[in-house]
Amino acid sequence: MQFLYQQNAGDFQVEIINDDFTYLIKARRFGVDSVVKMRNLKDKKLYTYAITEIKKKSALLTKISEQDSQNSHSSPLHLLWAIIDPKVIEKTLPFLNELGIPRISFFYAEFSQRQFSLNLQRMQKILISSSQQCGRIDLMELEVLKDFDCVCERYAPFYAFDFGGMDVREHNPFKQDSKSLENASVRVMVGAEGGFSQRERQRFAKIITLNDTLILRSESASVFLASLARLH
């Protein structure tokens, strides 16, 4: 673990309870005067605390220092991801988080199963746990949009990752001048299982593909694009 997430990190004193208490005191055997690194995943600061008091079910930590941190090389990818089985999405999130995706906009495509419902609170916990392990200092943004039309209204133009487009090995949308990508994002849409409907395809302005005999699952395509964006 690179740091411990605490919403109140930055306060002069922080009390830890529940799972964090169990991890530090019971599992890691931290004691009084042990040093703990903390972040709140909001202000880009790394806070150093010392354990000053241990009770039966909680521990009190006092801040001893803080320092600014710089973001690692950020990804330009804004992933527009058609909703698939939430269990699959949750298993894929840590990979996407480690690859530095700043934002995912989920939406119900025509081939998405409407009974699927995303638990954003649970997904945020998954992202926090992943960030503690990989050292990411900002929290990925997540949102859920009603349907494909909402995505078009809000985020067009975008690339669609689909069959019959420009091969990403020859036309990499992330491989642009670094100055043009500064504070910008490249939006790429990935479909649900079964791909896109004909109505959806008719609204695509730009299509990219991986000309290969193998067909990628929705989550595999998302990780592939995140990896490609990381190399820009």
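**Reading cysteines, a helix and the cores**

Modeller: At 36% relative accessibility, Cys 134 counts as partly exposed in this predicted model, because that class lies between the buried limit of 20% and the exposed limit of 50%.

Biologist: How far from Cys 150 is the nearest cysteine sulfur?

Modeller: A disulfide needs two cysteine sulfur atoms within 2.5 Å. For Cys 150 the nearest cysteine sulfur is that of Cys 152, 9.3 Å away, and Cys 150 is in no disulfide; by this rule the count comes to zero disulfides.

Biologist: What span should helix 3 have, and how far apart are its end C-alpha atoms?

Modeller: The expected span is 1.5 Å times one less than the number of residues. Helix 3 has 15 residues, 120-134, and so should span 21 Å, which agrees with the 21 Å between its end C-alpha atoms. At its start, a side-chain oxygen of Asn 119 comes within 3.2 Å of the backbone nitrogen of Gln 121, and just after the helix Gly 135 takes a positive phi of about 90 degrees.

Biologist: Which residues of helix 3 are buried, and what covers them?

Modeller: An α-helix has 3.6 residues a turn, so residues three or four places apart point the same way. In helix 3 the buried residues include Met 123, Ile 126, Leu 127 and Ser 130, and their cover includes strand 1, helix 2, strand 7 and strand 8.

Biologist: Which residues touch the most other members of the largest nonpolar core?

Modeller: Of its 47 residues, these are Leu 77, Trp 81, Ile 104, Phe 107, Val 188 and Met 189. A second, separate core of 15 residues includes Leu 24, Ile 51, Ala 59 and Leu 61.

Definitions and conventions
Residues numbered from 1 in each chain as written. Predicted model: local features only at pLDDT ≥ 70, side-chain atom pairs only at ≥ 80, totals over all residues. Heavy atoms only, no water. Helix = DSSP H or I, 4+ residues; strand = E, 2+ residues; numbered from the N terminus. Buried < 20%, exposed > 50% of the residue type's maximum accessible area, 1.4 Å probe, protein only. Contact = heavy atoms within 4.5 Å. Polar contact = N/O pair within 3.5 Å; in protein donor to acceptor, adjacent residues only side chain to side chain. Core = buried A, V, L, I, M, F, W, Y, C linked by side-chain atoms within 4.5 Å.
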